[in-house]
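Have the model open beside you as you read.

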Amino acid sequence: RRLAMGDAQECSPARSAPQTPPSGSAPPPSVSPPALPAAASVPESGASWAYSGSPYCCVYSGHGDSVICLQSANGRLISGSVDGTIRVWSAAQPTCEAVLQGHSDWVRCLHCTGTSLISGSDDHTIKVWDLDTKECILTHEARSVNCLQLCNSIVYYGTEEGHVVGMLIDSGEEVAVLTSHTQSVNCMQELEKEYRLLTGAADGSVCLWDLADHSLVEMVKAHAFSVNCLAAVDGILYTGSGDCTLQARPMLGGTEEPSVTFSGHTAPVFSLNINKDLLFSGAGDCSVRAWNRASGACLLHLPGSPGLRDIMRATGHMDWVNAVYSMGDFVFSASVDRTIRRWHIASLLSEQGAPSGQWVDRGNAHGVLYDVFAWGHNKEGALGNGIADTSEVPVPIIALQGVIVSEIACGAGTEEHHSVALTEHGRVYSWG
């Protein structure tokens with residue numbers, strides 16, 4: 001049950017058996033959830049945090065197992081975990097303000113409205129919490145719950161069986177069961193102005209429902225693999241899938257062909273979030289990406305640190321990224337590595353510089369961009385990306401992602417197979 005990636009038959013995010021990416025994609029990493037250092041253990045509402053390898057990232061830790069979902073309410077970040085708890089965090093300060101306990105299994109999904117929080121769990125219950133008092137005020141028995149959304153007085157939730165169930169939030173009475181998906185329903189979003197509901201499922205389909213009479217308005221086969229996440233903005237439907245891509249297409253009209261495909265992740269995409277012109281995604285390759293949602297261009301890649309077990313050494317997540325959520329200049333990402341990372345996206349995008357990059361130095365065999373990327377011959381690991389394959393396009397130097405570098409010497413030796421970087425804080429990195 002430990003957050004596998006799902007296959008075409010059953011692909012609820014963070015539940016099923018591993019999925020094989022499409023031909024030509026790199027396989028997702030196989031990483032056991034890391035053991036946190038003793039300093040990261042957190043009693044009750046306390047939290048351990050630290051700035052990691054990036055000056056624009058800090059780490060929130062406290063959950064005892066994988067963090068699955070994120071939401072926000074009144075300037076606070078809220079997270080749900082495999083450990084069965086919900087944590088309320090300050091978004092401005094890396095501190096945990098409260099721990100909500102009551103579920104006996106995974107907390108799989110959250111929805112906030114005003115001062116109320118609704119949670120769905122693998123213990124087959126849906127709970128309503130008062131965020132002011134931090135108390136559970138309602139508990140309703142439910143079927144399996146993968147995702148949920150409150151629409152007026154009805155909470156709709158998606159099940160493993162492929163159903164969308166409507167339940168009165170006050171009484172827990174079922175008032176509708178919508179059946180068109182053939183596999184688990186993984187994600188949903190209400191279109192408030194139209195009183196309609198979008199749902200995405202493991203069969204690769206997206207359905208649009210009219211909530212007035214619970215009729216199916218439209219069904220689109222969005223991906224060949226599971227639809228794990230979706231969002232609709234300005235008449236455009238965005239989806240993330242087990243095929244390792246995100247897609248954008250007009251929401252209505254029944255078109256099967258996407259207008260934009262976002263390619264770059266090398267493992268299933270589990271989460272997406274939109275903030276103005278930016279689309280953020282998190283995936284099983286341990287990375288977070290920021291995209292121009294109109295063109296599909298990747299503006300920022302925050303790679304993971306798979307295989308590391310030390311939070312202080314990792315410059316990114318050490319395991320799959322299950323959720324991303326944007327708030328102002330920050331993007332929060334939640335992972336199987338039990339942590340939440342807060343990224344200052346405005347600063348990271350600013351550091352990215354002009355699209356063409358800023359030259360720092362150049363040796364005869366390979367060159368380096370400011371952010372810091374490298375390309376060219378890769379004998380003896382000269383590109384710093386952990387492999388020895390030559391690359392004609394810039395690839396990220398893993399250890400320097402998010403680190404402010406003041407000077408670089410490329411191809412510094414007579415054999416021109418290594419480079420040295422000096423950071424603004426006086427640290428020296430070398431590779432090759």
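Start with the strands around the largest pocket: S3 (67-73), S7 (107-113), S11 (147-151), S15 (185-191), S19 (227-233), S23 (269-275) and S27 (321-327) each give at least two residues to its lining. Strands here are DSSP runs of E with at least two residues, numbered from the N terminus. Before going further, note that this is a predicted model, in which local features need pLDDT of at least 70 and side-chain atom pairs count only at pLDDT 80 or more, while totals for chains, interfaces and linings use all residues. Residues are numbered from 1 along each chain as its sequence is written, and side-chain values use heavy atoms, with hydrogens and water left out.

The pocket itself holds about 1300 Å³ of space. A pocket is an open set of points on a 1 Å grid over the protein atoms alone, with protein on both sides within 12 Å along at least five of seven lines; a cavity is a set where a 1.4 Å probe fits but cannot get out, and lining residues have an atom within 4 Å of a point. Points are joined across faces, edges and corners, and the volume is the space filled by probe spheres set on them. Among the 49 lining residues of the largest pocket, Gln71, Gln149, Met188, Gln189 and Leu230 lie nearest its centre. Sorted by class, this lining has 28 nonpolar, 15 polar and six charged residues; here Ala, Val, Leu, Ile, Met, Phe, Trp, Tyr, Cys and Pro are nonpolar, Asp, Glu, Lys and Arg are charged, and the others, Gly among them, are polar.

Now follow S3 into its sheet. The order is S3-S4-S5-S6, an open sheet of four strands with antiparallel pairing. S3 and strand S6 (96-100) each have a single partner strand, so one side of each is left without a neighbour in the sheet. Two strands pair if DSSP finds at least two bridges between them; S3 and S4 (residues 76-81) are joined by six, in the antiparallel sense. Look along this pair and you will find alanine 73 opposite arginine 76 in S4.

Five bridges link S11 with the antiparallel strand S12 (residues 154-158), and leucine 150 stands opposite valine 155 in S12.

What about enclosed space? Two cavities of 30 Å³ or more are counted. The second largest cavity contains about 60 Å³ of space. Eleven residues line the second largest cavity, and Val206, Glu218, Val220, Leu237 and Met251 are the closest to its centre. Strand S17 (205-210) gives the most to this lining, with three residues. By class, the lining of the second largest cavity has eight nonpolar, one polar and two charged residues.

Finally, turn to the cysteines. How many disulfides does the structure hold? There are zero disulfides, a disulfide being a pair of cysteine sulfur atoms within 2.5 Å. For cysteine 57, the closest cysteine sulfur is in cysteine 58, 6.4 Å away and too far for a bond. Cysteine 69 has its closest cysteine sulfur in cysteine 109, at 6.6 Å, again too far for a bond. Cysteine 57 counts as buried at 0% relative accessibility, and cysteine 69 counts as buried at 8%; buried means under 20% relative accessible area, exposed over 50% and partly exposed in between, with a 1.4 Å probe and protein chains only.
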